[in-house]
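Q: I have a model open and would like to learn how to read it, feature by feature. Can you walk me through it?

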Amino acid sequence: MSTKRDYYEILGVSKNASKDDLKKAYRQMAIKYHPDKNPGDKAAEEKFKEAAEAYDVLGNDDKRRKYDQYGHAGVGSSASGGYGGHDMSMDDIFSSFGDIFGGHFGFGGFGGGGGRSGGGRRVNRGSNLRVNIKVSLEEVINGVEKKINVRKQTTCKACDGSGAAEGNAVSTCQTCRGSGQVTRIANTILGQMQTSATCPTCGGDGKTITRKCTSCNGEGTVEGQELVTFNLPAGVAEGMQLSVSGKGNAARRGGVNGDLIVVISEEKHPEIVREENDLMYNLYVSVTDAILGMQAEIPTVEGRVKIKVEPGVQSGKVLRLRGKGVPILNEYGRGDFLVVINVWIPKEVSKEERKILEKLNESPNFKPGKNDGHSFFERMKGMFE
């Protein structure tokens, strides 16, 4: 499982942030943690790179779409064309985002000032929820619409999420005058320094409630449950995580809801084994069928199909049904369906059977000879190439 932080959280923006909001947020982060402003500070350098990685993904429409759907697994190491943000050199960052920096490798063109993206007032965000769902091989191959009941924090209907008993029970915070932040000026040996911090009175909301809603005690959320419907795309795999936007815990006082993180658990098929995008089935045939050839019926996800087993087939032979495997996620095409031939040898035989076998064993045609030129290990290797 990925331990990376959420990219939206890194930049301090909501999931519906515009490109301009993203650019502004990244610019402010870059100013704050720029190496020229924090010489020798490794922690600041890591945050600088982390912000660059987040903006590299969210600032690209295609990467952002994949990230919103599949999280970090959806973008892999695609940040900045193949190198993850924490592996980016400073040259990489300045080269990729030179238009934002306004200068080449220096600090020029940034302007001054910091603060939060979005103008200062804090946007409450609900926490993400994580659920595990089991999917069958049929659902993996065909894709499916899933419906699950989720217990979570929901928006209070009594106050419509405002937390106030009535519409006029909310007033502008007098401490921060609605900005959500307070400014402090301190005298230092270098002169006066100005800093901003979250308003202690309103907690960054910019508003105060004079009379709280009795249903939610002013929080704007209550415990409840919701039936969540989402589409599971074909080709998902064990351990993959999908993000359902806005279906996590509701945010206090009308903020942005968290996301529902769906973790895939794939049920084992009783007869078919999955190997990435290929499917594998073990077909057991008798000695006589292996010698004489046969027509066998095998199970597939789409139903049972008939295949021809040629006379003289060797144990370990792999028959490949191309394009009958698992769809490749986010791409065209499918894997293959592999039928592995296993010649079944009885452990015990009758006296009459033994006499027949001993007579056959005298025939030169039943003496071990060269096969098709491929060893068992070579055939097994070929199955996955």
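Q: How many salt bridges does a search of the whole structure find?

A: The general idea is that side chains of opposite charge can pair when their charged atoms come close. Here, a salt bridge is a side-chain nitrogen of Lys or Arg within 4 Å of a carboxyl oxygen of Asp or Glu. Searching the whole structure turns up 21 salt bridges. Before we go on: this is a predicted model, where local features need pLDDT of at least 70, side-chain atom pairs count only at pLDDT 80 or more, and totals for chains, interfaces and linings use all residues. Residues are numbered from 1 along each chain as its sequence is written, and side-chain values use heavy atoms, leaving out hydrogens and water.

Q: Which residue forms a salt bridge with Glu 50?

A: Arg 5 does, and the closest N and O atoms are 3.1 Å apart. Glu 50 lies in helix 3 (residues 42-58) and Arg 5 in the segment before helix 1 (7-11), so the pair ties together parts 45 residues apart in sequence. Helices (H or I, at least four residues) and strands (E, at least two) are DSSP runs, numbered from the N terminus.

Q: Is Glu 50 buried or exposed?

A: Buried means under 20% relative accessible area, exposed means over 50%, and partly exposed is in between (1.4 Å probe, protein chains only). Glu 50 counts as buried at 13%, while Arg 5 is partly exposed at 35%.

Q: What meets the side chain of Glu 45 in a salt bridge?

A: That's Lys 49, at 3.4 Å from N to O. Glu 45 and Lys 49 are 4 residues apart in helix 3, about one helical turn. Glu 45 is partly exposed at 23% relative accessible area, and Lys 49 is buried at 11%.

Q: Where do Glu 302 and Arg 334 lie?

A: Glu 302 forms a salt bridge with Arg 334, with 3.2 Å between the closest N and O atoms. Glu 302 lies in the loop between strand 12 (294-300) and strand 13 (303-309), and Arg 334 in the loop between strand 14 (318-321) and strand 15 (337-344), so the pair ties together parts 32 residues apart in sequence. Arg 334 is partly exposed, at 32%. Elsewhere, salt bridges that share partners join Lys 15, Asp 68, Arg 125 and Asp 259 into one network.

Q: At what angle do the axes of helix 2 and helix 3 cross?

A: Two packed helices are described by the angle between their axes and the distance between the axes. Axes are lines fitted to C-alpha atoms, for helices over the stretch in contact, and angles run from 0 to 180 degrees between N-to-C directions. The axes of helix 2 (residues 19-33) and helix 3 come within 9 Å and cross at roughly 165 degrees. Angles under 35 degrees count as roughly parallel, over 145 as roughly antiparallel, 65 to 115 as roughly perpendicular and the rest as oblique, and helix 2 and helix 3 are therefore roughly antiparallel.

Q: Which residues in helix 2 meet helix 3?

A: Contact means heavy atoms within 4.5 Å. In helix 2 they are Leu 22, Lys 23, Tyr 26, Met 29, Ala 30 and Tyr 33, and their partners in helix 3 include Phe 48 and Tyr 55.

Q: How many helices and strands are there in the protein chain?

A: The protein chain has 11 helices and 15 strands. Of its 385 residues, 38% count as buried.
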